[in-house]
Amino acid sequence: MSTPVQAHGNAAEKVITTELIQKYLDENQTLILAILENQNVGKLEACNQYQARLQQNLMYLAAIADAQPPPKPGSNAAQGGAGAAQ
């Protein structure tokens, strides 16, 4: 899924790829688990840091999704096809 959408990194722009999106999803999973662990032991300051990073990642992924062209009528994505319900 290489798309022409550009992401603004620190100093350079990157092309959005499926691998990049998966990296963010994997990091989000790790962040969520870290938030839960820190909540359970009462480390709220650490939770705040992880939650801030998670929010940044979610906003970035939402911006990528918003920049995508709408799906073509009759496509699997428009019908909630493969992978929509896991």
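Is the crossing of H1 and H2 left-handed or right-handed?

The crossing of H1 and H2 is left-handed, a label used if the near helix is turned anticlockwise from the far one by less than a right angle. This is a predicted model, where local features need pLDDT of at least 70 and side-chain atom pairs count only at pLDDT 80 or more, while totals for chains, interfaces and linings use all residues. Numbering starts from 1 along each chain as its sequence is written, and side-chain values use heavy atoms, leaving out hydrogens and water.

## The layout

## How the helices pack

H1 covers residues 18–40 and H2 residues 44–67; they pack at about 155 degrees, with axes 9 Å apart. The axes are lines fitted to C-alpha atoms over the stretch in contact, and angles run from 0 to 180 degrees between N-to-C directions. H1 and H2 are therefore roughly antiparallel (an angle over 145 degrees).

Among the residues that meet are Leu-20, Tyr-24 and Leu-31 in H1, and Tyr-50, Leu-54 and Leu-61 in H2; contact means heavy atoms within 4.5 Å.

## The whole protein

Of the 86 residues, 22% are buried (under 20% relative accessible area, 1.4 Å probe, protein chains only). Among contacts with a separation of 6 or more, 35% link residues 24 or more positions apart.

Technical notes:
Helices (H or I, at least four residues) and strands (E, at least two) are DSSP runs, numbered from the N terminus. Angles under 35 degrees count as roughly parallel, over 145 as roughly antiparallel, 65 to 115 as roughly perpendicular and the rest as oblique. Buried means under 20% relative accessible area, exposed over 50%, partly exposed in between (1.4 Å probe, protein chains only).
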